[in-house]
Amino acid sequence: MDVLKKVPVREQEAKVRATNFEEVCYGYNAEEAMQEASRCIKCKNARCMTGCPVSIRIPDFIGHVEKGEFKEAYDVISDASSLPAVCGRVCPQESQCEGVCIRGIKGEPISIGKLERFVADWARENGIRPKKNEQKNGKKVAIVGSGPAGLSCAGDLAKWGYDVTILEALHKAGGVLTYGIPEFRLPKDGVVQPEIENVMSLGVHIEPNVIVGKSITIDELLSEEGYDAVFVGSGAGLPMFMGIPGESANGVFSANEYLTRSNLMKAGEESTDTPIVHAKKAVIVGGGNVAMDAARTALRMGAETHIVYRRSEAELPARVEEVHHAKEEGIIFQLLTNPVEILVDDNGWVKGVRCIRMELGEPDASGRRRPVPVEGSEFEIEADTVIMSLGTSPNPLIPDSTKGLDISKRRCIVTDPETGRTSKEGVFAGGDAATGAATVILAMEAGRKAAKGIHEYLSNK
């Protein structure tokens, strides 16, 4: 065994997986996990922990894995994370815990994410659940939204004895984990639902089909329903568009709508009535993880798929692993390219996209080099479907229906980032509702911080 290299992880072959929605990565088995864990050099000052937004005691759980003590490893992880099987699959470990791993200086870092996934999957398969606190403290907290921020906040509060109820607008819990991330990256029945059930096993109640701001307001939760505090983790589900000619044509979708139809409503399957476009040639505009998810979904539904992104590959915000998988599966990348018009036929349907080549200029406010159009470089891509994946912003429903709740220019709820406290007494917020669209693990971090903030607030009340 070469200790400088990761134990390889098994995956579906690219040509096979491009035709199905089964999970791409098979993960480690017990022998492979123990072998990978043995590569850890047991740093005294473990930098990997500082790279973990939810502060998992990484060396401790890896030490247990190396010895085959998988339950003990799960106990360590579940003390800090409510969604380890999810995080092990979709967190950008390469820029967090693995990105600062000492082993990675002279070799490849420890596969922390794959080990976390193995432990969580082993616990699920063996009926192991997180520890429940049977003692209640008599205080009630409402959580708005059952995405990663809401689930994380609810889990921590339940462990501290609070009576927690999650109010979910949709008919299924999970937020972006359920409607946003495709099955081939994050299985719903096999992974997401059991993780939600683990949170519920702590005593958390989930009420679906409750639209806070319409069915009931924040003020009513506090004044009439007897809640002592409210956490808003409603995410950022409002899609952005470019504002270019032709964008209102038939065949133009937001990635949000497209993925929700496929992931939540199972569109395309014979068992559902929900319609979805079966594109022949699809153009996905954007370069983040959501763009990769939309592109790889369209590919699996039979489309020749192009990703159009205005910067170079080095600036792609998507995870390196997702870009690698997309390329393996045959997705065509049109980089340093930007749409200027969606071409429409006489019947109002998309027939193509007019684009312009870009070159990189000076860095902008994000630190990335600003793309500049190359004069006279316009060209056309034939397409019958365009999917816009340009980011999302929070839905204004809750701020608009809640007096005294301050929002920023980007319509995000203004919070203290360390406690989740808002401008309104007893109301806390976190995740995409407060920051705009970000990652699952950062939403979980915000949920944990808000749980601590709520606990301190109610303990001193």
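The following conversation discusses a predicted model of a protein.

Q: To start, how many helices and strands does the protein have?
A: The protein contains 18 helices and 18 strands.

Q: And how compact is it for its length?
A: The radius of gyration is 23 Å, close to the 23 Å that the globule rule gives for 461 residues, so the protein is as compact as a globular protein of that length. Along the principal axes, the C-alpha trace spans about 65 × 60 × 50 Å.

Q: What share of the residues is buried?
A: Buried residues account for 54% of the 461 residues. The protein exposes about 20400 Å², and carbon and sulfur atoms supply 49% of that area.

Q: Let us turn to the open sheet. In what order do its strands lie?
A: The order is E5-E4-E3-E6-E18, with 5 strands in parallel pairing. Strand E5 (205-207) and strand E18 (427-429) are the edge strands, each pairing on one side only. From one strand to the next, the twist averages 20°.

Q: What holds paired strands together, in general?
A: Strands of a sheet pair through backbone hydrogen bonds, in either a parallel or an antiparallel sense.

Q: How many bridges link E4 and E5?
A: Strand E4 (residues 163-167) pairs with E5 over 3 bridges, in the parallel sense. Ile 166 stands opposite Ile 206 in E5.

Q: Which helix lies across E4?
A: That is helix H9 (residues 148-159), which lies across strand E3 (140-144), E4 and strand E6 (229-232). Helix H9 runs at about 170° to E4.

Q: Why does Ile 211 count as partly exposed?
A: Its relative accessibility is 33%.

Q: Which residues is Ile 211 in contact with, apart from its sequence neighbours?
A: Leaving aside neighbours within four places in sequence, Ile 211 is in contact with Ala 169, Ile 216 and Leu 397.

Notes
Residues are numbered from 1 along each chain as its sequence is written. This is a predicted model: local features need pLDDT of at least 70, side-chain atom pairs count only at pLDDT 80 or more; totals for chains, interfaces and linings use all residues. Side-chain values use heavy atoms; hydrogens and water are left out. Two strands pair if DSSP finds at least two bridges between them. Helices (H or I, at least four residues) and strands (E, at least two) are DSSP runs, numbered from the N terminus. Axes are lines fitted to C-alpha atoms, for helices over the stretch in contact, and angles run from 0 to 180 degrees between N-to-C directions. Contact means heavy atoms within 4.5 Å. The radius of gyration is taken over C-alpha atoms; the globule rule is 2.2 Å times the number of residues to the power 0.38. Buried means under 20% relative accessible area, exposed over 50%, partly exposed in between (1.4 Å probe, protein chains only). Accessible areas come from the Shrake-Rupley method with a 1.4 Å probe; for residues, only the protein chains shown count as cover.
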